[in-house]
Amino acid sequence: MNNIKNKKKSSNGSKKKLIIEHLHDIQAKHGFISEKELKKLSFQTKKSVAELYEAASSYAYFSFEKKPEKLIKICDSPVCHLKGSENLLKHIEKLIGIKVGNKNSKVGLETTQCLGLCDQAPVIQINDKFYTKLTKDKIAQILKKQKIL
Ligand code: FES
């Protein structure tokens with residue numbers, strides 16, 4: 001946020017675009033957008049916290065809570081479901097000791113809609129990495145490689 005003046009000068013876009021750029025900076029720096037950071041940005045941009053929150057919540061990219069170090073997303077859309085994602089999910093829950101929809105500071109587990117790799121189902125995503133054609137054996141290896149187990 002130290003470069004707000006620079007961005008004001010260099011940005012040819014709308015005020016909303018400028019705000020989104022600042023929100024991206026906050027997300028990149030902290031991994032999420034805290035109330036404290038929204039208040040700081042509110043003061044600097046003269047926009048209300050509610051306006052900033054509304055702008056940020058329009059984009060799935062922004063998060064308002066701190067994410068765990070490793071976030072496991074398992075696709076539960078039809079193709080992956082038919083290829084056994086439900087059993088894989090139960091297997092992952094057992095391995096990591098966390099139920100779907102829960103998290104701790106190290107790991108979180110959630111289901112997600114189609115990840116766009118249906119021809120390689122079932123699919124999981126751990127942070128920004130995708131793993132395809134999963135089996136129970138493959139999952140254990142992946143979790144070890146990701147230092148989750
Ligand atoms: S249904 Fe799972 S990747 Fe498309």
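A crossing is left-handed if the near helix is turned anticlockwise from the far one by less than a right angle, and right-handed if clockwise. Helices (H or I, at least four residues) and strands (E, at least two) are DSSP runs, numbered from the N terminus. The model on screen is predicted: local features need pLDDT of at least 70, side-chain atom pairs count only at pLDDT 80 or more, and totals for chains, interfaces and linings use all residues. Residue numbers start from 1 along each chain as its sequence is written.

**Helices α3 and α4**

Select α3 and helix α4 (residues 49–57): α3 passes α4 in a right-handed crossing. Their axes come within 9 Å and cross at roughly 115 degrees; axes are lines fitted to C-alpha atoms, for helices over the stretch in contact, and angles run from 0 to 180 degrees between N-to-C directions. This makes α3 roughly perpendicular to α4 (angles under 35 degrees count as roughly parallel, over 145 as roughly antiparallel, 65 to 115 as roughly perpendicular and the rest as oblique). Show the side chains of Leu-38, Lys-39, Leu-41 and Ser-42 on α3, and of Val-49, Leu-52 and Tyr-53 on α4, which make the contact. Two residues are in contact if their C-beta atoms, placed from the backbone, lie within 7 Å. By class, the contact of α3 with α4 has 5 nonpolar, 1 polar and 1 charged residues; Ala, Val, Leu, Ile, Met, Phe, Trp, Tyr, Cys and Pro count as nonpolar, Asp, Glu, Lys and Arg as charged, and the others, Gly among them, as polar.

**Helices α2 and α3**

The crossing of α2 past α3 is right-handed. Ile-19, His-22, Ile-26 and His-30 of α2 meet Glu-37, Leu-41 and Thr-45 of α3. These residues divide into 3 nonpolar, 3 polar and 1 charged.

**The sheet**

Next select the strands. They form an open sheet of 4 strands in the order β2-β1-β3-β4, with mixed pairing; two strands pair if DSSP finds at least two bridges between them. At the edges are β2 and β4, each pairing on one side only. On average, neighbouring strands of this sheet are turned by 20 degrees against each other, direction ignored. Zoom in on β3 and β4, which run antiparallel and are joined by 3 bridges. Gln-125 stands opposite Phe-130 in β4. Then bring in α6, which lies across β1 (70–75) and β2 and runs at about 160 degrees to β1.

**Loops and backbone exceptions**

Most residues other than glycine have a negative phi, and most peptide bonds are trans. Go to Pro-122, in the loop between β2 (107–112) and β3 (124–126). The peptide bond from Ala-121 to Pro-122 is cis, with omega near -5 degrees.

Move on to Asn-127, in the loop between β3 and β4 (129–131). Its phi is positive, about 50 degrees, although Asn-127 is not a glycine. Is Asn-127 buried or exposed? Asn-127 is exposed, with 12 other C-beta atoms within 10 Å (buried means 20 or more other C-beta atoms within 10 Å of its own, exposed 12 or fewer, and partly exposed in between, with C-beta atoms placed from the backbone).

Lys-147, in the segment after α7 (136–145), has a positive phi near 60 degrees. Lys-147 is exposed, with 10 other C-beta atoms within 10 Å.

Finish at Gly-84, in the loop between α5 (78–82) and α6 (85–96). Gly-84 counts as partly exposed, with 15 C-beta neighbours inside 10 Å.
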